[in-house]
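Biologist: I'm new to this one, could you walk me through it? I'll ask as I go.

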2 protein chains.
Amino acid sequence: MKDLLSVLKISVPSKIYIKDPETSDLGKRIVENSILLINEIGFESFTFKKLGTKIGSNESSIYRYFESKHKLLQYLSSWYWAWLEYQLVLETFSISNTQEKLEKAVKVITRTVEEDSNFSHINETILYKIIVNESSKSFLTKEVDSENKEGYFEIYKRVITRISEMILAVNKNYPFALSLASTILEGGLHQHYLKEHFPSITNCKKGKTPTDFFIHLINNLL
Amino acid sequence: MKDLLSVLKISVPSKIYIKDPETSDLGKRIVENSILLINEIGFESFTFKKLGTKIGSNESSIYRYFESKHKLLQYLSSWYWAWLEYQLVLETFSISNTQEKLEKAVKVITRTVEEDSNFSHINETILYKIIVNESSKSFLTKEVDSENKEGYFEIYKRVITRISEMILAVNKNYPFALSLASTILEGGLHQHYLKEHFPSITNCKKGKTPTDFFIHLINNLL
DNA sequence: CAAATATAATAGTATTACTATCACTAAATA
DNA sequence: TATTTAGTGATAGTAATACTATTATATTTG
C-alpha cells in the first residue's frame, strides 16, 4: 500500500484551492500543520495567522494557496474522501462475493483510522479526527449549492455511490440503497463522535464499535 | 394540541441563557426573529448587530439575554428538542402495541415539520429548517464536554433514550438500541438535508420520504 | 544574466464579537 | 409619594478576525 501510493497522488478538485499545495514545500507545510492546528484548537479558533506562526511563515503567503479557512477545510475533507475511496477500492476490489464485499466496504468506511499509513506529509489518523469533528461544517453553509455545482463534493458523492452499488449487488430490490449508504457513512462518523462525547446515547465503546453496529445492521436488513 | 400547549411551557436548560427570553417582550422578539434571520442569511453571517437592526433594538440589549450567538443556537436547538419530545410523548402515549408505537415515534422524529402549530411566537416550520441546517454546529465545538456537563444537551439525550426504549420494547435482544435511535434522529435530519442539496446521494424525494426509509429499516431490522 | 515566480514583511480595512458606561423610563416597593 | 431597581437604549471602545494591497527580497528558470 505504501509503495502503491508513492506513485499515486490523491487528487482534489482544483477549484478548491488557488495554488495546489502539493506543488511546493510551503504548500505541504500548510496542509500538514493545518491538520495539527485544527485538531488542537478546533476549526472555530483556527486562523491563518496562527497557522502562519506555527509554520514560521506569513499569513499572506497562506492566502496564496487558499482563499479562506473554509476552503482549506474543504480541501482537507476532499483529500480524506479521496484517500478513503482509494482504501475502499483497494480493499474490496478482489472480493467477488457480494455480501463479503459489502461487509468489507462497511468496515473500511466506519472503522477508526488508527495507523498512519505515512505515505505523505499528511497524518491520516489526526485528519480522521478532524473529519469526525469538523467535516459537516464543510457543507452546512449557505454556499452549498453553488459549491456543489462547482464540483467540490464530487469525491464524497462518488464514495456514497460506490457503497450504494455494493448494497444493490447484495439485494437488488432494496429500495433505499443511496440513503442507506449515506446513512452509514455519516452515521459512522457520528457514532464515533458520540462514543467520545456522548457515551450515554450510543452503544459503541471499546469492544463494540460503530463498525459492529453497521455490519449487524446490513446483515439483518438486506 | 394548541390548547394543551397554551398552559404548558417549553422548558430549556437555564444555564443556556443569561435572562430567560420568555419573560419579556424583547426576549420573545429576539428568539422569534433570530429564527427568521438565521434561516435567511445562515448562522455564519448572523450577528447580534444585524438582529438588533431587524427588531429595532440594540445589540447590547441582546447580550443581556444571550452570552453569544452560539448560546442562542443552543437555546433554539434545545427548544426544538423539547418541542419534539412533547410531540413524541403526546402522539405515542396511548399506543399500547409496541411495534405500532415505535413506528409512530419514528414518524414523529423524521417527518418534516410542515404546519406551524402556532401556539407561540416561535415558527416551528422555520425552526425545523434551522435544525436541519445548523443544529450540528451547536455541539461540534471544542467546548462540547464542558457544556455537556452543564446539562446543555439533556433534552436531546432524553429524546434518544426514549426512542431506544421503544426499540427495546419491540425487540429486547437488539444490541444497538441507543445507536439505532441516535442514527435515526440525526440520520433523519441528514436525509432531509440531502434531499434538498444533494439529491444524487439519497433516495428521498417527493413521495419517498426519510420517514419511509427509516420505517422500512426498523421493520426489516428488528 | 534577465525575467519570472514565490515568499516575506508590512500596512491597512471593514467587520466581528464582544465589554463598559451612562442615561432614561416604567414598574415595584417602602 | 418617594425611591429603588430592573430593563432597555445609546454610545464608545477593544482586541481579534478575515481578509486585501503593496513592496521588497530571494529563488528558480529560460
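Biologist: Let's start with Ser164(B): which residues is it in contact with, leaving aside its neighbours within four places in sequence?

Modeller: Ser164(B) is in contact with Ala177(B), Leu178(B) and Ala181(B), where contact means heavy atoms within 4.5 Å. Ser164(B) has its place in helix 9 of chain B, residues 154-170, helices being DSSP runs of H or I with at least four residues, numbered from the N terminus.

Biologist: Before going on, what kind of model is this, and how are things numbered?

Modeller: This is a predicted model, in which local features need pLDDT of at least 70 and side-chain atom pairs count only at pLDDT 80 or more, while totals for chains, interfaces and linings use all residues. Residues are numbered from 1 along each chain as its sequence is written, chains are lettered from A and ligands numbered from 1 in the order in which they are written, and side-chain values use heavy atoms, with hydrogens and water left out.

Biologist: OK, is Ser164(B) buried or exposed?

Modeller: Ser164(B) is buried, with a relative accessible area of 5%; buried means under 20% relative accessible area, exposed over 50% and partly exposed in between, with a 1.4 Å probe and protein chains only.

Biologist: And where is Ala105(B)?

Modeller: Ala105(B) is in helix 6 of chain B, residues 98-110, and counts as buried because its relative accessibility is 0%. Leaving aside neighbours within four places in sequence, Ala105(B) is in contact with Leu88(B), Thr92(B), Ile163(B) and Met166(B). Ala105(B) and Ile167(B) are 62 residues apart in sequence, and 9.8 Å apart in space from C-alpha to C-alpha.

Biologist: How many residues of helix 7 of chain B are buried?

Modeller: Nine of the 11 residues of helix 7 of chain B are buried, so that helix is mostly covered. Among the buried ones are Glu124(B), Tyr128(B) and Glu134(B), and what covers them includes helix 2 (25-41), helix 5, helix 6 and helix 10 of chain B.

Biologist: Changing topic, how many cavities are there of 30 Å³ or more?

Modeller: There are four cavities of 30 Å³ or more, a cavity being a set of points on a 1 Å grid over the protein atoms alone where a 1.4 Å probe fits but cannot get out, with lining residues having an atom within 4 Å of a point. The largest cavity holds about 350 Å³ of space, a volume being the space filled by probe spheres set on the points.

Biologist: What lines the largest cavity?

Modeller: The largest cavity is lined by 26 residues, and Ser136(A), Glu186(A), His190(A), Ser136(B) and Glu186(B) lie nearest its centre. Helix 7 (124-134) and helix 10 (177-197) of chain A, and helix 7 (124-134) and helix 10 (177-197) of chain B, each supply at least two residues of that lining.

Biologist: What about the second largest cavity, what is its volume?

Modeller: The second largest cavity has a volume of about 110 Å³, and its lining includes Phe198(A), Gln74(B) and Trp81(B). Helix 5 of chain B, residues 69-92, gives the largest share of the lining, four residues.

Note on methods:
On a 1 Å grid over the protein atoms alone, a cavity is a set of points where a 1.4 Å probe fits but cannot get out, and a pocket is an open set with protein on both sides within 12 Å along at least five of seven lines; lining residues have an atom within 4 Å of a point.
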